[in-house]
Amino acid sequence: MSVRELVVLGTASQVPTRHRNHNGYLLRWDGEGILFDPGEGTQRQMVRAGVAAHDLNRVCVTHFHGDHSLGLAGVIQRINLDQVPHPVTAHYPRSGQHFFTRLRYSTAYRETVGITEAPVDADGTLAVTGSYTLQARRLSHPVESYGYRLVEPDGRRMLPERLAALGVRGPDVGRIQREGALGDVRLEDVSEVRRGQRFAFIMDTRLCEGVHALAEGCDLLVIESTFLDEDERLAVEHGHLTAGQAAAVARDAGVRHLVLTHFSQRYSDPDEFERQARAAGFEGELTVAHDLLRVPVPKRR
């Protein structure tokens, strides 16, 4: 059975706390695992969450601030120590190539796995697989930063009443799905478009065009909400979002499940992030993330 879920490894911004590790998020998508923004301590959080190096197929770094990337060294070395048998691809801003190289080779170890470096330098498509297309969009932060969006191809949903009415039954159902027609009956006559699922990961950024483009129509949106609304001036100054801003983006984009994360250590009441998100008018499913949380991708409509 395919699994689509987000495993939250860390939720702190800049400074970890007793209860929040630095960033780290694993998206399980069918048989693949995409690790986003492995901050310091990610390798240990993976152990606590039951995530193995063998689960990783891609690593996506939004930008090279330490709370989003200092865990790369440990994760890469663990991939090699465990001799992961499949290719692992790393995406990150090309302007941070020197940071990636330093982290990859920060200490001596034996390389056993070929990690493919695939830096990002513009908006566009990064990879196309049978189950998703991975895209990137530029964000607005003091250092170059990109958000990531995963889009499943549209499929088709068979309509039992139309199949019965046109006499398509048994093995012929599979045949028309494979071949697109059965005699005079076309696949379009007995099915409808099944919209592919959409996921987006948006970290450190001010409001910008890229934020809205990434969030559009998402089934699951993971987005930073470093500050509460009363500190909007600080958010703009440092290149971040508030809880209300993040929720308004999700509201306008038609997001089904919103996950807020990347919280400043200045706040002690996580419930206030939810209150401000609801006050901004977001009515979908809402999660204020905490470490080691598992969030399923919503089922298709």
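Ile223 is in contact with Ile202, Met203, Val211, Leu241, Ala246, Leu258, Val259, Leu260 and Thr261, leaving aside neighbours within four places in sequence. The model is predicted. Ile223 is also among the residues with the most contacts inside the largest nonpolar core.

**Nonpolar cores**

- The largest nonpolar core has 32 residues. Besides Ile223, those with the most contacts inside it are Ile202, Leu221, Val255, Leu258, Leu260 and Phe273.
- In soluble globular proteins, nonpolar side chains tend to be buried together.

- The largest pocket holds about 280 Å³ of space. Its lining has 16 residues, and the closest to its centre are Ser13, Gln14, Phe227, His238 and His240.
- By type, the lining of the largest pocket splits into 10 polar, three nonpolar and three charged residues.
- The second largest pocket has a volume of about 240 Å³. It is lined by 14 residues, with Thr17, His19, Arg20, Tyr267 and Ser268 nearest its centre.
- The lining of the second largest pocket splits into five nonpolar, five polar and four charged residues.

**His22**

- His22 sits in the loop between strand E1 (4–10) and strand E2 (24–29).
- His22 counts as buried because its relative accessible area is 6%, under the 20% cut-off.
- The His22 side chain reaches the backbone oxygen of Gln14 at 2.7 Å.
- Not counting residues up to four places away in sequence, His22 touches Gly10, Thr11, Ala12, Gln14, Val15, Pro16, Gly39, Glu40 and Asp67.

**Gly10**

- Gly10 is found in strand E1.
- Gly10 is buried too, with a relative accessible area of 0%.
- Beyond residues up to four places away in sequence, Gly10 touches Asn21, His22, Asn23, Gly24, Tyr25, Thr261 and Asp291.
- From Gly10 to Ile34 is 24 residues in sequence and 15 Å in space, C-alpha to C-alpha.

Technical notes
Residues are numbered from 1 along each chain as its sequence is written. This is a predicted model: local features need pLDDT of at least 70, side-chain atom pairs count only at pLDDT 80 or more; totals for chains, interfaces and linings use all residues. Side-chain values use heavy atoms; hydrogens and water are left out. Helices (H or I, at least four residues) and strands (E, at least two) are DSSP runs, numbered from the N terminus. Buried means under 20% relative accessible area, exposed over 50%, partly exposed in between (1.4 Å probe, protein chains only). A polar contact is a pair of N or O atoms within 3.5 Å; within protein, one must be able to donate a hydrogen and the other to accept it, and residues adjacent in sequence count only if both atoms are side-chain atoms. Contact means heavy atoms within 4.5 Å. On a 1 Å grid over the protein atoms alone, a cavity is a set of points where a 1.4 Å probe fits but cannot get out, and a pocket is an open set with protein on both sides within 12 Å along at least five of seven lines; lining residues have an atom within 4 Å of a point. Grid points are joined across faces, edges and corners, and a volume is the space filled by probe spheres set on the points. Ala, Val, Leu, Ile, Met, Phe, Trp, Tyr, Cys and Pro count as nonpolar, Asp, Glu, Lys and Arg as charged, and the others, Gly among them, as polar. A nonpolar core is a set of buried Ala, Val, Leu, Ile, Met, Phe, Trp, Tyr and Cys residues joined through side-chain atoms within 4.5 Å.
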